[in-house]
Amino acid sequence: MDPPQINYVDHNSILIINPKGIMRQLYVPFRVQVIQDTTILKRSTWVVVEEVMPHDKTKLLYRVISHWWPYHIFRIQIHF
């Protein structure tokens, strides 16, 4: 199954569009799973997104544990 499309709405929410075209607005705080190790985040752990910000190169940044990370190192599991 294709991953959902994720778009910035404001610093408190994102818009998720599933492969069927159904949209859902997701508000912070929300949980995501780390899919790529970083200096302080370990793969397969679950963390909470505190804020969202648009970015020119990586599309979106998530603030997790008071640090900004590119959204593509996380997976959102939402079913609708």
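The legends below describe close-up views of a predicted model. Local features are reported at pLDDT of at least 70 and side-chain atom pairs at pLDDT 80 or more, whereas totals for chains, interfaces and linings use all residues. Residues are numbered from 1 along each chain as its sequence is written, and side-chain values use heavy atoms, with hydrogens and water left out.

**View 1. An open sheet of three strands, in the order β1-β2-β3.**
The pairing in this sheet is antiparallel, where strands are DSSP runs (E, at least two residues) numbered from the N terminus and two strands pair if DSSP finds at least two bridges between them. Because β1 (5–10) and β3 (23–27) stand at the edges with a single partner strand each, one side of each is left without a neighbour in the sheet. Neighbouring strands of this sheet are turned by 25 degrees against each other on average, direction ignored, the axes being lines fitted to C-alpha atoms and angles running from 0 to 180 degrees between N-to-C directions. Between β1 and β2 (residues 13–17) the antiparallel pairing extends over five bridges, and I6 stands opposite I16 in β2.

**View 2. The aromatic cluster formed by F30, Y62, Y71 and F74.**
Three aromatic pairs are found in a search of the whole structure; rings of Phe, Tyr and Trp (its six-membered ring) pair if their centres lie within 6.5 Å, with planes under 30 degrees apart counted as stacked, over 60 as edge-to-face and the rest as tilted. One of these pairs joins F30 and Y62 edge-to-face, at 5.7 Å centre to centre and with 90 degrees between the planes. Since F30 lies in strand β4 (residues 30–34) and Y62 in strand β7 (residues 59–64), the pair ties together parts that are 32 residues apart in sequence. Y62 also forms an edge-to-face pair with Y71, at 6.4 Å centre to centre and 70 degrees between the planes. Both F30 and Y62 are buried, Y62 having a relative accessible area of 1%, whereas Y71 is partly exposed at 22% (buried means under 20% relative accessible area, exposed over 50% and partly exposed in between, with a 1.4 Å probe and protein chains only).

**View 3. Strand β7 between its antiparallel partners β6 and β8.**
Five bridges join β6 (residues 51–55) to β7, and within this pairing P54 has L60 as its bridge partner in β7. A hairpin connects β6 to β7 through three residues. On pairing with β8 (residues 67–70), β7 forms four bridges, and R63 stands opposite W68 in β8. The hairpin of β7 and β8 has two residues between the strands, and I65 in the turn has a positive phi of about 50 degrees.

**View 4. The salt-bridge network of E50, E51 and R63.**
The whole structure contains two salt bridges, each defined by a side-chain nitrogen of Lys or Arg within 4 Å of a carboxyl oxygen of Asp or Glu. In one of them the side chains of E50 and R63 meet at 3.3 Å, N to O; because E50 lies in the loop between β5 (46–49) and β6 while R63 lies in strand β7, this pair ties together parts that are 13 residues apart in sequence. E51 likewise forms a salt bridge with R63, the closest N and O atoms being 3.2 Å apart, and this pair links E51 in strand β6 to R63 in strand β7, 12 residues apart. The relative accessible area is 31% for E50, 21% for E51 and 23% for R63, and each of these residues is partly exposed.
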